[in-house]
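User: I am new to reading protein models, and I would like to learn how to look at one feature at a time. Could you take me through this one slowly?

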Amino acid sequence: MTPDKTENRDYNLPQENSTDWHIPLNENWEKIDADVQAALDMAQQALDAATGTETEEPTTGGTGFSWDQTHVDTSWLTEADSNDNLNVETVTSLDLTGPGSITEAVENGGDQPTVVVFEVGGVIDIGGGPYWRIQNPNTYIAGQTAPYPGISMIRGGPRVQALNVIVEHVGFYCGDDVNDPYKAGAITMDEPGNTLFNHCTAAWAPDTNIRVPQGGGPGAFINGINAEALNNSSHPEAPHGYAFNARFEGSWDLLGNLWSQNWKRNPRGPHDEINLVFANNYVWNWGRRLYHGSKDGGPEFDWISCVAEAGPDTVIEQGDRGGLFDNRTVDCFFDDVTFPSGMDREDANTTYVDAPQNLPSGLSLSDLKSASELESFLSPMVGPRPAHRAPHEQRMINDFVNRSGRIIDDHTDVGGYPDYDSNTRSLSLPTTDVLNWVQQYTDEVEQGS
């Protein structure tokens, strides 16, 4: 008689002369699948042990550039997490202040390392302040934990006035309904610095989308969208649709961003104690003065693997304003940058150097995409929640991909403030390993997993 099981793995064997010989074979597949998975798991465990990776470290990355590729020191957060000393505060309301609000969550953290998470998604109205001030140090605002449509803030913007602040996956739509348009930015970063914005949108500022009015640093804006600064707005010096302005001193990392339809200052660093790292950025349809500096002193500027593409609002100026650097003082490492043929690279006050001047220690030239790869790299990746974008961010990406849209004067030119329906979900908050818990939400909104 033929054995009914195999000797090694106990699989079924069909019997001689059986008319149902296929049944035991079909029953084997589930056991084979389980055995193969068990073998793969054992092999992975052996590999981890051999390479010393069996101890899992806190995960702090998603798509695009990572925290450790900037000058910003995030060890205050990762070390607190490793020591199970990370406070978690939950936002349950879309009110700016009061019980369950984002302001209460930040303030409840005191100066303890704190992660702010969200059980609500929708729009938070700053009220025209024009600032929502973040004054508590050691704060990580994890917007990716919110349910769709995520978190958008309107009628003003955050002003970071504390050490060690990280903000991820939030859209900031300043707008013109603010009580001081002269100082209104979508994002404002002040001293003492060490501030990081990742996968955020900065838009619709009457003054400048990203403002650094008092120096400080280091700071970084990475994997984001800087778009549609309001040009002929209520600002007393309009037209004033500016993208980025860092004053006085500090190191600023601008990595992997879409800069779309801002009038000027894409970017600006007017003082000689400023270091700008401008890498893997795509600037589309600016107005005048791609870069805007100062004649009296300029930054160290690493401009690497970027594209500047003229659009319907772009004016290529001639004479002493016709160059890439607006005839302003700058020391520049310039490599793999695509720009319009009508612009002159040889400005009189530009000093070109042979190597990067201020790359962060965690970033190398080999980490960067080439200029020719940039559009396909950035389009699916930048901004909040790229796996399932809120409508305004999706419109901005569509305008870039389709080369549509224009520089705007008012937020109503593109449909007005976000007015998304609110949404809620409960979170099961961890007591340990908080950053790896947050990572599941990062993967969800960045990769759709």
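Analyst: Let us begin with a term for open spaces. On a 1 Å grid over the protein atoms alone, a pocket is an open set of points where a 1.4 Å probe fits, with protein on both sides within 12 Å along at least five of seven lines, whereas a cavity is a set of points from which the probe cannot get out; lining residues have an atom within 4 Å of a point. Grid points are joined across faces, edges and corners, and a volume is the space filled by probe spheres set on the points. In this structure, the largest pocket holds about 250 Å³ of space. The model is predicted, so local features need pLDDT of at least 70 and side-chain atom pairs count only at pLDDT 80 or more, while totals for chains, interfaces and linings use all residues. Residues are numbered from 1 along each chain as its sequence is written, and side-chain values use heavy atoms, with hydrogens and water left out.

User: Which residues are the closest to the centre of the largest pocket, and how do the residues of its lining divide?

Analyst: The largest pocket is lined by 14 residues, of which D207, R211, P213, N245 and R247 are the closest to its centre. For the division, Ala, Val, Leu, Ile, Met, Phe, Trp, Tyr, Cys and Pro count as nonpolar, Asp, Glu, Lys and Arg as charged, and the others, Gly among them, as polar. By that rule the lining has four nonpolar, four polar and six charged residues. Strand 13 (residues 208–212) gives the most to this lining, with three residues.

User: How should I read the confidence of the model, and where is the pLDDT below 50?

Analyst: The pLDDT is the predictor's confidence in each residue, from 0 to 100. The protein chain averages 89, and 87% of the residues score at least 70. Over residues 51–61, however, the pLDDT is below 50, although this stretch has 19 contacts in the model beyond near neighbours in sequence; contact means heavy atoms within 4.5 Å.

User: What does the chain contain in helices and strands, and how much of it is buried?

Analyst: Helices (H or I, at least four residues) and strands (E, at least two) are DSSP runs, numbered from the N terminus. The protein chain has six helices and 24 strands. Buried means under 20% relative accessible area, exposed over 50%, and partly exposed in between, with a 1.4 Å probe and protein chains only; buried residues make up 57% of the 449 residues here. Of the contacts with a separation of 6 or more, 75% are between residues 24 or more positions apart.

User: Which residues of helix 2 are buried, and what covers them?

Analyst: In helix 2 (residues 75–82), the buried residues are W76, L77, A80 and D81. Seen down the helix axis, they fall within an arc of 125°, so they line one face of helix 2; the arc is that of the directions from the helix axis to the C-beta atoms. Their cover includes strand 2 (114–118), strand 5 (139–142), strand 8 (165–168) and helix 6 (434–447). Just after helix 2, D84 takes a positive phi of about 50°, and D84 is partly exposed at 47% relative accessible area.

User: Where does G121 lie, and which residues is G121 in contact with?

Analyst: G121 belongs to strand 3 (residues 120–125) and is buried, with 0% relative accessibility. Leaving aside neighbours within four places in sequence, the contacts of G121 include P149, G150 and D421. D421 is 300 residues away along the chain, yet the C-alpha atoms of G121 and D421 are separated by 8.3 Å. As for P149, a cis peptide bond with omega of about 10° joins Y148 to P149, and P149 is found in the loop between strand 5 and strand 6 (151–154).

User: Is T188 buried or exposed, and what does T188 touch?

Analyst: T188, in strand 10 (residues 185–189), counts as buried at 0% relative accessibility. Beyond residues up to four places away in sequence, T188 touches Y131, P158, R159, V160, R211 and P213.
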